[in-house]
Amino acid sequence: MSELVTLLRALEFAAHKHRAQRRKGRDSDPYINHPISVAATIATVGRVTDIVTLTAAVLHDTVEDTRTTFEEIERDFGGEVREVVAELTDDKRLPKEERKRLQIVNAPDASRRAKLVKLADKIMNVSDITHDPPPDWPVARRREYFEWAKRVVDGCRGANTALERRFDKVVAEGLASLAGKA
C-alpha cells in the first residue's frame, strides 16, 4: 500500500471515529480538524515526511477519545503506528491531574516520533486556546494550560527545532493575549 493511501485511510478512519465530537472552543469546530492540523503542522512547519509519524498524528486521539482499540490501530495501520499512538494516549482511568503529571514525566523518554506529534499537538492546543478558548475557561485556567504545555514540551526539546520555535511563538502570543485580560 502506498504511503499516501495509508495516510488517507487514517484520515478517513479518524473522521469516522471522531464524527460526533466537537472541539471545546466557542466555535465548536468538528474534532477531526484538530488531528488534521496536528499532522499538517508536523509536515509543513517541521518538514517531516515520515508516514508513521503523520499517520500517528492523525490517529493520536482515537484510542483516548473514542472506542477505538490499539488492536484496531495495529490491524489497520501496523505496529509502528500503534506504538506511537500508545505513547501518546493518556490512561483515562487515571485522574486528570495524574494524566497531566505523567505527560510531563514521560515526555523526555518518548520516541522522536511521539515527541513530534506531542509538539504539534501542544502547538495546536495553545493556538486554539488563544484564539477560540472554551467559553468556561477563565484567564487563569488558560494561563495554567500554557504553563503546563511548556513543561511537557520542555521534555520534547531536541526533536525538531522548527516545531519547538513555533511552540515558543504561539505560547508567547497566548500569554501576551492574556496579559490584557487579567
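**Reading helices and their contacts**

Q: Where does Thr-130 lie?
A: Thr-130 is part of helix H8, residues 112-131. Keep in mind that this is a predicted model.

Q: Is Thr-130 buried or exposed?
A: The cut-off for buried is under 20% relative accessible area. Thr-130 has 13%, so it counts as buried.

Q: Which residues does Thr-130 touch, leaving out those up to four places away in sequence?
A: Thr-130 touches Phe-146, Val-170, Glu-173, Gly-174 and Ser-177. Sequence and space can also be compared for a pair: Thr-130 and Arg-142 are 12 residues apart in sequence, and their C-alpha atoms are 8.0 Å apart.

Q: Now helix H1. What span should its 15 residues have?
A: Count 1.5 Å a residue.

Q: Which residues of H1 are buried?
A: Thr-6, Leu-7, Ala-10, Phe-13 and Ala-14. Seen down the axis of H1, these buried residues fall within an arc of 125°, so they line one face of the helix. On the other side, Leu-4 and Glu-12 are exposed.

Q: What covers the buried residues of H1?
A: The cover includes helix H3 (51-59), helix H4 (62-65) and helix H5 (70-77).

Q: At what angle do H1 and H3 pack?
A: The angle is about 10°, and the axes are 9 Å apart. Angles under 35 degrees count as roughly parallel. H1 and H3 are therefore roughly parallel to each other.

Q: Which residues of H1 and H3 meet?
A: From H1 come Glu-3, Thr-6, Leu-7, Ala-10, Leu-11, Phe-13 and Ala-14. From H3 come Ile-51, Leu-54, Thr-55, Val-58 and Leu-59. By class, this contact has nine nonpolar, two polar and one charged residues.

Q: Turn to H5. Which residues are buried there?
A: Glu-72, Ile-73 and Phe-77 are buried in H5. Their arc around the axis is only 100°, which puts them on the same side of H5. Glu-71 and Arg-75, on the other side, are exposed.

Q: What do the buried residues of H5 pack against?
A: They pack against H1, H3, H4 and helix H6 (79-88).

Q: Which residue follows H5?
A: Gly-78 does, and its phi is positive, near 95°.

How values were computed
Residues numbered from 1 in each chain as written. Predicted model: local features only at pLDDT ≥ 70, side-chain atom pairs only at ≥ 80, totals over all residues. Heavy atoms only, no water. Helix = DSSP H or I, 4+ residues; strand = E, 2+ residues; numbered from the N terminus. Expected span 1.5 Å × (residues − 1). Buried < 20%, exposed > 50% of the residue type's maximum accessible area, 1.4 Å probe, protein only. Arc of directions from axis to C-beta. Contact = heavy atoms within 4.5 Å. Axes fitted to C-alpha atoms, helices over the stretch in contact; angles between N-to-C directions. Parallel < 35°, antiparallel > 145°, perpendicular 65-115°, else oblique. Nonpolar A, V, L, I, M, F, W, Y, C, P; charged D, E, K, R; others polar.
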